Amino acid sequence: FFFVLHMERLTNPALCKGLSWNESDRVSSGLKGLLPPRIHSMKTESQRALNQLRSLSNELEKYIYLQELQNRNQRLFYFIISNNITELMPLVYTPTVGQGCIKYSDIFRRPRGMWLSIKDAGNVRNILKNWPEPTVKVIVMTDGERILGLGDLGANGMGIPVGKLILYSVCAGINPDHCLPLTLDCGTNNDKLRNDPLYIGNKFPRVRGPEYDSFIEEVMVELDNTFKCPLIQFEDFANLNSFRLLDGYRNRFCTFNDDIQGTAAAAVAGLFGAAELLGTPLSSHRILFLGAGAAGLGIADLFVKAVKKEGVPEVDAFKCCWFVDSRGLVVKSRWDELRDEKKPYAHEFSECTSFLESIKLLKPTCIIGVSGQPKTFTKEVIETMGSYNERPIIFALSNPTSKAECSARQAYEWTDGRAVFASGSPFDSVELKGKLYVPGQGNNAYIFPGMGLGVVASKAKHVTEEMFLVAAESLARQVTQQEKDLGCIYPSLERIRDVSFHVALAVAEEAVRSGLSTASRADIKNLVENEMLTFTHNETIKSSL
């Protein structure tokens with residue numbers, strides 16, 4: 001029994017300290033002789049792990065290494081990511097998480113999070129009781145149907161909730177024990193997965209209609225009852241479900257959809273920054289979106305809200321946003337074929353099937369790519385934007401990097417360095433004619449960790465659009481003058497924890513202002529600070545992940 005107890009301290013990822021156990025702990029915990037005699041600091045342990053990581057030849061190997069580190073030593077895992085955020089965030093989330101999800105069944109080693117199968121409908125309450133941690137404050141939930149720009153990955157989509165919740169902890173300090181990654185396995189329409197003998201999920205076609213809706217309803221109700229009103233983040237649901245599920249549940253539960261609302265806030269913050277950089281009001285800009293799915297429509301809806309806040313009438317605010325979808329320019333003459341979410345952006349205009357021709361007709365100040373179609377911002381597209389605008393705004397937001405509409409270098413080179421550029425996945429800085437350009441990354445990680453922290457700290461009943469607007473405004477305010485001088489429209493990722501703190505303050509204050517939280521405004525700062533862990537040698541994290 002005592003040997004098992006001692007080994008638990010060495011093998012349980014939440015208890016393990018590697019070689020950082022001090023002498024007195026080694027004696028009291030019965031670890032003398034079970035470890036090499038040399039005691040190493042967390043800094044030394046971190047350097048060893050980083051050396052091992054950096055010796056690996058590709059990003060997928062590094063992703064797997066970090067998974068294994070999380071499974072072995074949680075303290076060290078969160079410590080090295082927190083202290084090397086710019087280098088390691090792309091490995092635990094976009095773009096590498098896309099590769100991780102594609103290969104999830106092949107590289108599967110240890111389960112993390114929970115899977116709820118639609119075959120278990122009617123028994124969700126009992127299954128949730130199997131989760132070992134009674135306190136759950138944040139849940140990231142996917143059904144795996146639209147993973148990044150990669151499509152239906154079914155149960156392999158678990159990499160997304162796991163990755164998102166790592167960022168909740170690293171960027172906003174939310175206790176990992178209070179986070180639940182959740183995948184709803186409702187089948188898959190991906191034939192490659194269904195024919196793969198190693199695939200870990202259900203192999204029947206995706207369930208649709210009343211059976212699917214009934215299952216989602218049961219899951220939402222039981223999550224809320226079991227974990228006492230947690231924040232539930234919808235992630236990577238397909239367009240046919242994302243808007244209707246958000247609309248159906250946003251006023252019943254504490255929930256939001258990061259693909260719609262988080263993406264919107266991150267993008268609108270970038271648009272705030274771009275407008276300031278150009279010295280123009282938001283309402284003076286005309287945006288043309290390539291792609292009219294959840295992300296694009298979410299950005300447009302929040303942009304309209306921001307423009308209305310400038311005092312612009314709603315009808316004029318909507319006219320700032322135009323869309324090109326798979327059938328061409330979204331216009332009034334296509335009304336009967338359009339989904340309801342697109343109709344506010346169907347303006348009186350002639351039909352046009354080409355994105356480039358739409359640019360020539362509309363002369364937008366900004367183009368935003370959210371189509372998942374790579375290399376669609378061609379040289380001619382970007383040069384045309386540059387011919388109409390002294391500083392064209394080019395946002396290539398599709399993820400992962402392989403799906404980006406253009407690269408940072410292309411945007412700068414094809415406009416002679418005049419573009420205001422942002423992307424969804426990271427690109428390196430670009431040197432052009434002796435000048436350094438630092439591309440912005442419209443990363444949702446600037447928004448959702450702080451949003452979650454603010455909601456959890458204030459115990460807000462619901463998540464509102466106004467919360468996302470104040471989050472975007474807070475993010476835009478945190479770009480320093482030095483960063484602005486480099487043409488940056490987002491703050492450095494190195495400051496992401498402080499950024500998340502201020503976003504959380506803004507969100508919590510809005511929750512109080514709107515009557516969705518009973519917290520006192522005077523207590524908000526303390527409430528937010530008290531929810532934030534720092535990951536050090538002495539941090540206590542239970543083994544529930």
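Me: In this predicted model, which polar contact joins the side chains of R206 and D152?
Reply: The side chains of R206 and D152 meet in a polar contact of 2.9 Å. The side chain of R206 also has a polar atom 2.7 Å from the backbone oxygen of D143.

Me: Where does R206 lie?
Reply: R206 belongs to the loop between α11 (191–194) and α12 (209–227). Leaving aside neighbours within four places in sequence, its contacts include D143, G144, E145 and D152, and also C186, G187, T188 and N189.

Me: Does R206 count as buried or exposed?
Reply: Buried means under 20% relative accessible area. R206 has 8% relative accessibility, so R206 counts as buried.

Me: How should I read the sheet, and in what order do its five strands come?
Reply: Strands of a sheet pair through backbone hydrogen bonds, either parallel or antiparallel. Here the pairing is parallel, and the open sheet has the order β1-β3-β2-β4-β5. β1 (114–117) and β5 (255–257) are at the edges with a single partner strand each, so one side of each has no neighbour in the sheet. On average, neighbouring strands of this sheet are turned by 25° against each other, direction ignored.

Me: How many bridges pair β4 with β5?
Reply: Three bridges pair β4 (residues 231–234) with β5, in the parallel sense. Among the residues involved, Q233 has F256 in β5 as its bridge partner.

Me: Which helix lies across β4 and β5?
Reply: That is α13 (residues 239–249), which runs at about 160° to β5.

Notes:
Residues numbered from 1 in each chain as written. Predicted model: local features only at pLDDT ≥ 70, side-chain atom pairs only at ≥ 80, totals over all residues. Heavy atoms only, no water. Pairing = 2+ DSSP bridges. Helix = DSSP H or I, 4+ residues; strand = E, 2+ residues; numbered from the N terminus. Axes fitted to C-alpha atoms, helices over the stretch in contact; angles between N-to-C directions. Contact = heavy atoms within 4.5 Å. Buried < 20%, exposed > 50% of the residue type's maximum accessible area, 1.4 Å probe, protein only. Polar contact = N/O pair within 3.5 Å; in protein donor to acceptor, adjacent residues only side chain to side chain.
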